[in-house]
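Subject: Structure for you, with notes

Hello,

Here is the structure I promised to pass on. Please open it alongside these notes.

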Amino acid sequence: VDGKPTPSPGDYYSSANGGLRVVAYNVDGACSRKWFDFVEAEGNDLFGRPARLLSGNKPPIDYLVEDWETMVNPVACNEWAQDRVQYDDLFLQRGRWSTIHIETPLVTFHVEYRQNIASGNCLSHNVDAWMAETSSELSSETWKGILGETRRPKYYKNGEQILGDRALILSGKEDSDYEVSGTFGSDFAAMDYGSWGWLGSRG
C-alpha cells in the first residue's frame, strides 16, 4: 500500500488513485472460503450505484461475521468469529490460513491464501482469488479471456449448470491461450475466442 509492504494483518488504507483499502487477517480453517462465483443478479449492490465509495466505516470484523454462512464449516466458523468479536483480537490471530479483501472504487477482490507444510517441511501455497463486486462503470464494459468467459453461468442442455468441464466452460484449450507477455501485458491468444454480454438470457 503506497509502495510499502503489508507484512502483518491489519486494515490498510490509501487515498492514492481514487482510494484503496486492504483488510487482511488470519483465520481458523473453518472460516476459509472456496471459490465463490461473481454474482450478477438484480438487487445486488452492483446495480444502481454510479460510483463506488470505499467502505471506510465498515469494521474489519464485519467482513468475517457477515459471511460466516458461506465458510467451509459455518457452525465452527461462527463460534470462532464470535470469539474474535468478544475479545477484539481479529488481527492478533496466527495461522497458515489468511483472508484478504482488496477494495478500490472500480472493483473489490476477495483472496483466500493457505500455506501448506508437506512431509519434509516442504512449503507449498494455495491461492483462490475472485472479483466480489464491481462498479457500474466496469460492469458495462465487455470482458475478455477467463473473466469474460466465466462471467455468466453456462448450462448443459438439460438445464444443469456446468461447473467443472473446462472444455465447455473455456474456449481456450491450453493455459497458454490466456497467458500475457508480462506483468502489464494485455494481449493473449484467447482474447477473441469468446465474450459475454451483460445479463444475457440463460441457455
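Below is what was found in it, starting with the ground rules.

This is a predicted model: local features need pLDDT of at least 70, side-chain atom pairs count only at pLDDT 80 or more, and totals for chains, interfaces and linings use all residues. Residues are numbered from 1 along each chain as its sequence is written, and side-chain values use heavy atoms, with hydrogens and water left out.

**Overall**

The chain has 5 helices and 5 strands. Helices (H or I, at least four residues) and strands (E, at least two) are DSSP runs, numbered from the N terminus. Their order from the N terminus is β-β-α-α-β-β-β-α-α-α. Of the 203 residues in the chain, 32% are buried. Buried means under 20% relative accessible area, exposed over 50%, and partly exposed in between (1.4 Å probe, protein chains only). Contact means heavy atoms within 4.5 Å. Take the contacts between residues at least 6 apart in sequence: 53% of them join residues at least 24 apart.

**The disulfide**

There is 1 disulfide in the structure. The term stands for a pair of cysteine sulfur atoms within 2.5 Å. The partners are C31 and C77, with an S to S distance of 2.2 Å. The link of C31 and C77 is right-handed, with 110° about the S-S bond. C31 sits in the loop between β2 (20–26) and α1 (60–65), and C77 in helix α2 (residues 74–87), so the pair ties together parts that are 46 residues apart in sequence. Both cysteines, C31 and C77, are buried.

C31 has a relative accessibility of 1%, so C31 counts as buried. Leaving aside neighbours within four places in sequence, C31 is in contact with L64, M71, C77 and W80.

**Helix α2**

Does the length of α2 agree with what its 14 residues should span, or disagree? At 1.5 Å a residue the span should be 20 Å, and the end C-alpha atoms of α2 are 20 Å apart, which agrees. The expected span of a helix is 1.5 Å times one less than its number of residues.

The buried residues of α2 are C77, W80, A81 and R84. They cover an arc of only 100° around the axis, which puts them on the same side of α2. The arc is that of the directions from the helix axis to the C-beta atoms. β2 and α1 are among what covers these buried residues of α2. The face of α2 turned away from the buried side carries the exposed residues V75, E79 and Q86.

D88 follows α2 and has a positive phi, near 50°. D88 is not a glycine. D88 lies in the loop between α2 and β3 (97–103). Its relative accessibility is 69%, so D88 counts as exposed.

**Cores**

A nonpolar core is a set of buried Ala, Val, Leu, Ile, Met, Phe, Trp, Tyr and Cys residues joined through side-chain atoms within 4.5 Å. The largest has 13 residues, and those touching the most other members are Y25, V27, C31, L64, C77, W80 and L90. β2, α1 and α2 are the elements that give two or more residues to this core. V27 touches S32, W80, W97, S98 and T99, not counting residues up to four places away in sequence. A second, separate core has 6 residues, including I162, I169, L170 and F188.

**Two more residues to look at**

H101 is in strand β3. Is H101 buried or exposed? H101 is buried, with a relative accessible area of 6%. The side chains of H101 and Y25 are joined by a polar contact of 3.0 Å. That term covers a pair of N or O atoms within 3.5 Å; within protein, one must be able to donate a hydrogen and the other to accept it, and residues adjacent in sequence count only if both atoms are side-chain atoms. Not counting residues up to four places away in sequence, H101 touches R21, V22, V23, Y25, Y63, F109 and H110.

E133 is in strand β5 (residues 123–134). E133 counts as buried, at 17% relative accessibility. The C-alpha atoms of E133 and T104 are separated by 9.9 Å, and the two are 29 residues apart along the chain.

Best wishes
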